[in-house]
Amino acid sequence: MRALELDAQQIPTGSTQALAAQRFQLRQRQFDDGFDGVGQQARFSVADASRRIALTLLDGYPCAQVFAPAGSQFICFEPMTAPANALRSGNGLRVLAPGERFHARFSVAVSDSR
């Protein structure tokens, strides 16, 4: 997937940077980021000593937002069908013809992390 470069108002500039899968301690990071080029079956997950929560983008979600403010003990994963500001910029926006259908699916799973 690719990290979207954002301007001072957190709006994508159109530039991107390739990003590989990562594993890290959340307390060491903060996020208010958008991503595109997210592949089908992409997984975002978070775990503590006893539980793992995983969001899997099954199909129709080529973009995602991740939010975790500095010093927080939480992280938010948001599947998106287009990058932020797509309604204004048109970048990545899907437009359906009358009667046309669009299908997108994701799953959330909770499991023991042991």
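## The nonpolar patch

Strand 8 (residues 105–112) is the top contributor to the nonpolar patch, giving three residues. Strands here are DSSP runs of E with at least two residues, helices are runs of H or I with at least four, and both are numbered from the N terminus. This is a predicted model, where local features need pLDDT of at least 70, side-chain atom pairs count only at pLDDT 80 or more, and totals for chains, interfaces and linings use all residues.

The patch itself sits on the surface and is made of Ile53, Phe106, Val108 and Val110, with about 370 Å² of accessible area together. Areas come from the Shrake-Rupley method with a 1.4 Å probe, and for residues only the protein chains shown count as cover. Nonpolar side chains (Val, Leu, Ile, Met, Phe, Trp, Tyr) are joined within 5 Å.

## A look at Phe106

Phe106 lies in strand 8. Its relative accessibility is 41%, so Phe106 counts as partly exposed; that label covers what falls between buried (under 20% relative accessible area) and exposed (over 50%), with a 1.4 Å probe and protein chains only.

## The chain as a whole

The chain has one helix and eight strands, and along the sequence they run β-β-β-β-β-β-β-α-β. Its C-alpha trace spans about 50 × 35 × 20 Å along the principal axes.

Of the 114 residues, 25% are buried. The chain exposes about 8,000 Å², with 48% of that coming from carbon and sulfur atoms. Residues are numbered from 1 along each chain as its sequence is written, and side-chain values use heavy atoms, leaving out hydrogens and water.

Key: Patches are made of residues with over 30% relative accessible area and no salt bridge: like charges are joined within 9 Å, nonpolar side chains (Val, Leu, Ile, Met, Phe, Trp, Tyr) within 5 Å. A salt bridge is a side-chain nitrogen of Lys or Arg within 4 Å of a carboxyl oxygen of Asp or Glu.
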